[in-house]
Amino acid sequence: MCFDLLRSGTGHPIDRGTSSRQAKQTRIIRENLLDIIEYPHPALRHKSKALRRVDADLRATVSEMFSLMYAAKGIGLAANQVDLPYRMFVINLGSDRGEDDELVFINPILSRPKAPVEEEDEGCLSLPGLYAPVRRPSSIHVDAFNLEGEEICGEFQGLLARVIQHETDHLDGVMFIDRLSDTAEMGVRDEIAEFHRRFEQKREAGEIPSDAAITQRLKQIETVYC
Ligand code: ZN
């Protein structure tokens, strides 16, 4: 039986209509075009709260996320990878518009991981060029909503199960490099250090706000949508 998100109190994504105050706030969110942020940007460590509303701005965000994902040749992208605190991610295993199904998962809850645990190389659009093997259950049960508010409920296997687990990790502030074996971690240590070095350079150049400013912005958006 499927988990009942509504009764569990985790919320159902609904259109509530937009007050003028909310409209002003959502305009703040949509002022700039989205961009994929790179590790170790603090938004990647943000643990998302459940989305409680879906409006035109959020639909526009989803469309923009798909475009960014295709441009970067990815097959999955979570909201905090574009510096947004939504419990939501998009997937298209075809990695191009029209090649496969465009899937949107809102407020996903994973359960019933099943053996065998399989090890495959993973990459991440927030760690471009870095690949390493990650062990994950080959099958997982998912309860979520799509953009139309319809329930997604079922077992997923293979690559789709792996991508769903990778993206749900993002929503909890977990990166795939957190799940590496000691040996695999040693193999990418220098590359990770290079990401840290580049991030500090960008911050010193004033391209990235302070941790406090990033957190404040995410919390402000949360007051509208979560
Ligand atoms: Zn990722």
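Analyst: Happy to! Let's begin with where Pro 116 sits: it belongs to strand S3 (residues 103-122). A strand here is a DSSP run of E with at least two residues, a helix is a run of H or I with at least four, and both are numbered from the N terminus. Please keep in mind that this is a predicted model: local features need pLDDT of at least 70, side-chain atom pairs count only at pLDDT 80 or more, and totals for chains, interfaces and linings use all residues. Residues are numbered from 1 along each chain as its sequence is written.

User: What makes the peptide bond from Ala 115 to Pro 116 stand out?

Analyst: That bond is cis, with omega near 0 degrees. Most peptide bonds are trans. Another cis bond joins Tyr 39 and Pro 40, where omega is about 5 degrees. Pro 40 is placed in the loop between helix H2 (20-30) and helix H3 (56-71).

User: Why is Asp 83 called buried?

Analyst: A residue is buried if 20 or more other C-beta atoms lie within 10 Å of its own, exposed if 12 or fewer, and partly exposed in between, with C-beta atoms placed from the backbone. Asp 83 has 22 such atoms within 10 Å, so Asp 83 is buried. Its loop runs between strand S1 (76-78) and strand S2 (88-91), and its phi is near 65 degrees, a positive value in a residue other than glycine.

User: How do you know that Asn 107 counts as buried?

Analyst: Asn 107 has 23 C-beta neighbours inside 10 Å, and therefore counts as buried. Asn 107 is found in strand S3, with a positive phi near 50 degrees.
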